[in-house]
Amino acid sequence: MLQHSGLHEQKDRYESFMRMVREWRHLKMLKRSGHGHDSTGAAATTEGSCAVLYPACPQPGKNLPSDWKEAPSENQWPYAMFIAIDTNFRLKRKMVSDDDSDPSLSRGWGYFVEEGPYKEFIKEMADVIQEKSTCSSHSAVNMADTKSNHGLAATGVGTIDCARHNMKLATGVGDLQKGEKYLNMDYLLFSALRGSTYKSLNILYNIACQWHKNLWDRMSAFPLSMRLQVVDMTIRFFVPKFHLPAHVAKCHTVFSFNFLPGVGRTDGEAPERGWANINPVASSTKEMGPGARRDTLDDHFGDWNWKKVAALGTRMQ
């Protein structure tokens with residue numbers, strides 16, 4: 001009777017419950033991606049294989065004609081991938097716990113890159129000096145080494161999206177340590193495009209004018225498995241339309257969607273619309289340990305992608 005009268009103190013089950021939530025999310029991710037009952041076991045899951053792909057994105061070997069590579073360059077535009085690069089400084093994380101105490105259940109299986117190789121590479125390249133931007137309104141870059149990071153393990157996240165359909169790409173999300181550094185964004189881009197066979201890429205970034213200058217020189221420092229075969233590709237760089245007016249006059253023509261063929265009426269601002277969906281969880285995830293935060297954000301990114309795929313049928317009617 002004491003147990004039901006309120007006189008007997010009940011054991012706090014909150015921590016156990018939250019652990020069950022993480023496990024449930026993890027198992028549902030494996031099930032939905034077909035790895036829950038894999039004969040080789042869940043541990044054989046490969047990087048990015050649990051990410052939800054969008055049927056309308058060009059995917060060689062899945063939804064493109066068998067002879068798409070043979071099309072002349074002027075007719076390659078339907079098979080081009082639109083890649084959007086962006087950062088979100090609301091998705092911070094305080095210095096709570098560490099990877100040993102709170103590891104991620106999925107090791108780069110979804111949208112976040114595998115943390116170990118990513119952090120190791122960033123650490124090895126820590127002494128590389130980043131050039132200052134010569135364009136205007138690039139404070140996120142110029143202040144990369146001066147931003148206050150007191151008490152923060154991550155100052156935000158960088159992401160790689162499909163700019164046409166506003167979908168997070170597999171292994172294209174990672175933590176930022178000191179502002180919007182090229183090194184982080186390079187790694188996320190090459191990670192998201194690893195193993196791809198695209199012949200045409202349209203890359204959108206609000207600081208593309210400065211970031212792209214020495215991109216291929218910086219790529220030479222990356223592992224061979226992450227390097228793009230740029231000799232066989234057509235790669236163009238754009239600044240999203242809302243951000244372009246803040247740039248110097250030269251950028252208004254060189255990086256504008258309005259003056260290059262094969263891009264339609266793309267505005268390039270897809271990631272900005274996606275932040276409105278994920279920002280409400282920022283106040284919770286900034287208090288989490290590294291593994292819990294990555295798993296939680298992975299689950300939300302997957303939910304965003306899944307809902308867009310599930311609603312495709314009704315939207316096409």
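What percentage of the 317 residues in the chain is buried?

## Burial and surface

In this predicted model, buried residues account for 46% of the 317 residues in the chain. The accessible surface of the chain amounts to about 17,000 Å², and carbon and sulfur atoms contribute 55% of that area.

## Overall fold and dimensions

The chain contains 12 helices and seven strands, and its C-alpha trace extends over about 80 × 50 × 40 Å along the principal axes. The radius of gyration is 21 Å, which agrees with the value near 20 Å that a compact globule of 317 residues would have.

Of the contacts in the chain that link residues at least 6 apart in sequence, 75% are between residues at least 24 apart.

## Charged side chains

The chain carries 39 positive and 35 negative side chains, with the centres of these two sets lying 5 Å apart.

Phe-257 lies in the loop that runs between α8 (251-254) and α9 (270-278). Although placed in a loop, Phe-257 has a relative accessible area of 2% and is therefore buried, the cut-off for that class being under 20%.

When neighbours within four places in sequence are set aside, the contacts of Phe-257 include Phe-238, Val-239, Pro-240 and Lys-241, together with Leu-204. Further along the chain, Phe-257 also touches Val-263, Thr-266, Asp-267 and Gly-268.

Methods. Residues are numbered from 1 along each chain as its sequence is written. This is a predicted model: local features need pLDDT of at least 70, side-chain atom pairs count only at pLDDT 80 or more; totals for chains, interfaces and linings use all residues. Side-chain values use heavy atoms; hydrogens and water are left out. Helices (H or I, at least four residues) and strands (E, at least two) are DSSP runs, numbered from the N terminus. The radius of gyration is taken over C-alpha atoms; the globule rule is 2.2 Å times the number of residues to the power 0.38. Buried means under 20% relative accessible area, exposed over 50%, partly exposed in between (1.4 Å probe, protein chains only). Contact means heavy atoms within 4.5 Å. Accessible areas come from the Shrake-Rupley method with a 1.4 Å probe; for residues, only the protein chains shown count as cover. Lys and Arg count as positive and Asp and Glu as negative; His and the chain ends are not counted. The place of a charge is taken as NZ of Lys, CZ of Arg, CG of Asp or CD of Glu.
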